[in-house]
Amino acid sequence: MKKHDLIVIGAGPGGYAAAIRAAQLGLDAACVERERVLGGTCLRVGCIPSKALLESSELYERTLAGLSRHGVAVAGVELDLERMLGRKDRVVSQLGAGVAGLLRKNRVTRYTGTARFKAPGQFELDDGTTTLSAASIIIATGSRPLSLPGITLDGNRVGSSTEALRYPEVPGRLAVIGAGYIGLELGSVWRRLGAEVVVFEYLDRILPGMDAEIAAAALKVFAKQGLQFRLGSKVTAARQDGRGCTVETEGGEPYACDRVLVSVGRRANTDGLNLEAAGVELDSRGRVDVNGGFATSAKGVYAIGDVIRGPMLAHKAEEEGIACVERIVTGYGHVNYDAIPGVVYTHPEIASVGKTEEELRSSGTAYRKGLFPFAANGRARAIADTAGFAKILADERTDRVLGVHIIGPRAGDLIAEASVAIEFGATSEDVARACHAHPTLAEVLKEASLAVDGRAIHY
C-alpha cells in the first residue's frame with residue numbers, strides 16, 4: 001500500500017494542474033495516468049494537435065491564394081501532408097514532455113496505469129501489484145467521443161476527431177456529422193487542404209449553444225469558404241462501403257464519401273473506475289455527481305473537468321482542479337462559470353464568454369447591445385482580415401457586462417479582455433474608458449463598448 005495526501009486520477013489539464021497546485025500547497029501529491037504521453041485528450045488528440053493542423057492548413061491556403069493581395073507572388077506550392085502531420089506530432093511530444101517535467105519539478109509522484117477503486121479512499125492499478133490510498137482523491141478522467149444510433153466508429157473510415165487528426169491522405173469527400181466546435185475546426189482543416197466537406201447537423205443552425213447572431217454570421221462565412229451544410233438533417237446511418245463510406249439521413253439521399261468524421265459530443269469517462277466500491281454516485285447523464293465544492297457522495301473523493309457537469313473545456317477543467325485543491329487545503333476555492341470563455345479556432349475565429357442574447361431574453365434580463373465590425377478597424381484592414389464583428393451585452397440598469405461574443409481575427413485572444421471584465425464586474429463604460437493601443441484589433445472591443453451607449457467613434 002502506497003499512501004499520499006492527495007491523488008489525482010488523470011493527467012489532463014485539470015488533473016496535472018490539480019496535482020501541481022496540491023504540491024505547491026505542501027501536500028504529498030500523486031497523479032495516475034494510463035497514457036504514456038501526459039496532458040490528456042486535450043494535449044494528445046484534442047486541443048493541441050488540432051490547433052497545430054489549423055495553423056498549418058491556414059498557412060497553406062494563404063500561400064496558395066491569400067498572399068497575392070499583399071503583393072507576394074508564390075509559385076509551385078505543394079502540400080507535404082506527411083511533414084505537416086509530423087510537425088503536429090512533434091508539438092504534442094514536446095508539450096507532453098513538458099507536463100512530465102512540471103510534475104517532476106513540483107515533486108508530484110507519477111503512476112502509469114488504469115485506476116480502479118477497491119474501497120473509499122483506496123484503489124488499485126491494473127498492474128496487479130500497486131494499491132494506492134489517500135485522504136483526498138480527485139477524479140479527473142476526462143471524456144471520450146460520442147456516436148449516434150446506427151453509427152459504429154470503426155477507427156478508420158468512420159471515426160472520431162482522433163482519426164481525423166491523422167488521415168494519411170486528403171479525403172476527396174469528407175462527411176462531418178455535427179456542426180459544433182470540433183466538426184467545424186477539423187472540417188476547416190481538410191477543406192483547406194483540398195477535400196470537399198459536407199457538414200450534417202440535426203438542428204437548423206450551427207454552433208449549438210453559442211450566440212445565434214454570431215452563429216448565423218459564421219454560417220455565411222464558412223459557406224463562402226466552401227464548406228457545405230445540410231442543416232436539419234437527422235443522420236440515421238454511416239458505414240464503410242468498400243473503400244468509401246455512405247451517410248444516410250432521414251428523408252434524404254445517401255451521401256457517398258471517402259471518410260466520415262463523427263463529432264456529436266463527448267461523454268464522461270467513468271467506465272472501469274468501479275465507482276460503486278467508493279460510494280461515488282453518477283447523475284442521469286453518466287457524469288460524476290458533485291456539489292458546489294466538487295465533492296462527490298463519497299467522503300474525501302472529488303471530481304473535476306469533463307467528468308462532471310458543465311462545458312467540456314480544458315481551461316474549465318484547469319480552473320476546477322486548482323479551485324478544488326485550494327478548497328481541500330484552505331477551505332475556499334471558487335470558479336466563476338460566467339467568466340469561462342469558449343473559442344472556435346476556425347478562420348475567422350469565434351469566441352464567447354458570459355450570457356448569450358437568447359439566455360438573457362429567456363431569463364427576462366433587460367440589456368443593451370453594442371456592435372462593432374472588424375471592417376471598420378484599422379488593424380484589420382491593414383492585415384486584410386475584416387470579416388466579423390464584436391458584440392457586447394450589458395445590463396440595462398447597471399451597465400455591467402453580461403456577455404461578449406466575437407467573430408473575427410484573433411477572437412480567441414481578444415476574448416481574454418472580456419473574461420477579465422466579467423470576472424471583475426466591469427461595466428461597458430469601464431471597458432470603453434480604458435485606453436486601447438492603436439492600431440490594434442482590441443480596439444474593436446472598445447468601440448463595441450462605446451456602441452452600447454450609442455457613441456462608437458469609428459462606425
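Visitor: Is strand E19 enclosed or open, and why?
Guide: This is a predicted model. In it, strand E19 (residues 349-354) is largely enclosed by the rest of the structure, because 5 of its 6 residues are buried.

Visitor: Which way do E18 and E19 run, and how many bridges join them?
Guide: They run antiparallel, and 3 bridges join E19 to strand E18 (residues 342-344). The two form a hairpin, with 4 residues between them. Val344 stands opposite Ile350 in E19.

Visitor: How many bridges are there between E19 and E22?
Guide: There are 6 bridges, in the antiparallel sense. Within that pairing, Gly354 stands opposite Gly403 in E22.

Visitor: E22 again. What do the buried residues of H14 pack against?
Guide: Strand E22 (401-408) is one of the partners. The others are strands E20 (367-373) and E21 (389-395), plus helices H12 (411-423) and H13 (428-433).

Visitor: How many residues of H14 are buried?
Guide: In helix H14 (residues 443-452), 9 of the 10 residues are buried, which leaves the helix mostly covered. Among them are Val444, Leu445, Leu450 and Val452. Glu443 and Glu447 are on the buried list too.

Visitor: What comes just after H14?
Guide: Gly454, with a positive phi of about 70°.

Visitor: New topic. What is the strand order in the open sheet of 5 strands?
Guide: The order is E8-E15-E9-E10-E11, with parallel pairing. Strand E8 (158-159) and strand E11 (228-231) are the edge strands, each pairing on one side only.

Visitor: How many bridges do E9 and E15 pair over?
Guide: Strand E9 (residues 173-177) and strand E15 (residues 259-262) pair over 4 bridges, in the parallel sense. There, Leu174 stands opposite Arg259 in E15.

Visitor: On to cysteines. How many disulfides are in the whole structure?
Guide: A search of the whole structure finds 0. Cys245 is in no disulfide, and the nearest cysteine sulfur, that of Cys257, is 5.0 Å away. The cut-off for a disulfide is sulfur atoms within 2.5 Å.

Visitor: Is Cys245 buried or exposed?
Guide: Cys245 is buried, with a relative accessible area of 3%.

How values were computed. Residues numbered from 1 in each chain as written. Predicted model: local features only at pLDDT ≥ 70, side-chain atom pairs only at ≥ 80, totals over all residues. Heavy atoms only, no water. Buried < 20%, exposed > 50% of the residue type's maximum accessible area, 1.4 Å probe, protein only. Contact = heavy atoms within 4.5 Å. Pairing = 2+ DSSP bridges.
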